Amino acid sequence: MHEMMVAESLLKTISAEASRRNARPIGATISCGTLNAVNDETLRFAFDAIAKGTPCEDMRLQIEHKPTQGKCRKCDRDFEIEFSQPKCTDCGSEDFALLPDAPLMLEEIELETD
Amino acid sequence: MEKVRVGKKILDENDRYALENILLLSRKNKLCLNMISSPGSGKTTILARTISELAGKIKIGVIEGDIQTDLDAERIRATKAPAIQINTNGACHLSAVQISDALSKLPIEDLDLIFIENVGNLVCPTDFNLGENAKVVVLSVAEGDDKPAKYPAIFAKSKVLLINKVDLLTSGASIDFDLDKVKADARRLNKTIEIFPISAKTGEGMTDWCNWLIDAATRV
């Protein structure tokens, strides 16, 4: 359940951004690569649990998963890796380099001002 | 309603500590390896045997991560190597701030190589940089040969794969494990991964692994 640490970090950043702008956070969009072991339901559950009684209570979390990219060593193209069958989607070669996975990012916050 | 672009890394704080750890270790030319596997793959047995085989060649210290107890640190200390135990009290992975604290308690100056034995878990520890030079993933043959396909992230991100308990393959035990399939699946994800089939119990394959460590520790 490492989503708890992600949720704590998320809560801290959102709270700081919202209070700096004197606004109430109502939603947030986060993104991560597919190799990040983030389970959407678990993260929402963890976030809801620690956000209780804070200005972040009842916030909507939108989680976007970015596909991991590979670079084919045969045809030199970048492609989205399908982990059940990892090979170049253009030429079918299994010789490729794994490109760095997208990090966990807080992309956007929706704020409401009174 | 207003939408605000933030564009901030969520695990920023962990990464900051990880960077501090990397800087500390690289300034002192120490190699640090983060060992990750499921519970029961034999990480601690591998470490104890590795320390014994490398006695007099390279000096090793260990940071042990477990949810509870200091049983693993005790097993390492029995080999005379220094060991610091971290209890995560439920957390499924080690984080960089815990490593930073443990490094301050280890006699780093006297060591060549620091092993971090992460909490037994093939998933969560993969996402948390601790400041290591490389990740070492351990898979034991009893776990089955489908793990690189099922848990690709850790095999994609590791520099070394240790396939442990290979003595079971020739023991007559009823184990279906295709060594070549695991190697091929791991290399499909990670072309340059170093693979060592070993048995920490019988010592099979340990020499190649230990030679790799000596080489890696002298190249830091």
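How many positive and how many negative side chains does chain B have, and how far apart do the centres of the two sets lie?

Modeller: Chain B has 29 positive and 30 negative side chains, and the centres of the two sets lie 3 Å apart. Lys and Arg count as positive and Asp and Glu as negative, with His and the chain ends not counted; each charge is placed at NZ of Lys, CZ of Arg, CG of Asp or CD of Glu. This is a predicted model, in which local features need pLDDT of at least 70 and side-chain atom pairs count only at pLDDT 80 or more, while totals for chains, interfaces and linings use all residues; side-chain values use heavy atoms, without hydrogens and water. Residues are numbered from 1 along each chain as its sequence is written, and chains are lettered from A and ligands numbered from 1 in the order of writing.

Chain B contains eight helices and eight strands, where helices (H or I, at least four residues) and strands (E, at least two) are DSSP runs numbered from the N terminus. Its radius of gyration is 18 Å, close to the 17 Å that the globule rule gives for 220 residues, so chain B is as compact as a globular protein of that length. That radius is taken over C-alpha atoms, and the rule is 2.2 Å times the number of residues to the power 0.38. The C-alpha atoms of chain B fill a box of roughly 65 × 45 × 35 Å along the principal axes. Of the 220 residues, 54% are buried; buried means under 20% relative accessible area, exposed over 50%, and partly exposed in between (1.4 Å probe, protein chains only). The accessible surface of chain B is about 9600 Å², with 48% belonging to carbon and sulfur atoms, by the Shrake-Rupley method with a 1.4 Å probe. Among contacts (heavy atoms within 4.5 Å) in chain B between residues at least 6 apart in sequence, 70% join residues at least 24 apart.

Two loop residues of chain B deserve a look. Thr69(B), in the loop between β3 (60-66) and α3 (71-77), has a positive phi near 70 degrees although it is not glycine. Thr69(B) is partly exposed, at 38% relative accessible area. Asn89(B), in the loop between β4 (83-87) and α4 (96-105), has a positive phi near 50 degrees and is likewise a residue other than glycine. Asn89(B) is exposed at 59%. In helix α3 of chain B, Leu71(B) is exposed at 58%. Leu71(B) and Asn34(B) are 37 residues apart in sequence and 19 Å apart in space, C-alpha to C-alpha.

Now the partner. Chain A has 13 positive and 22 negative side chains, with the centres of the two sets 4 Å apart. It holds two helices and six strands. With a radius of gyration of 18 Å, well over the 13 Å from the globule rule for 114 residues, chain A is more spread out than a compact globule. Buried residues make up 46% of chain A.
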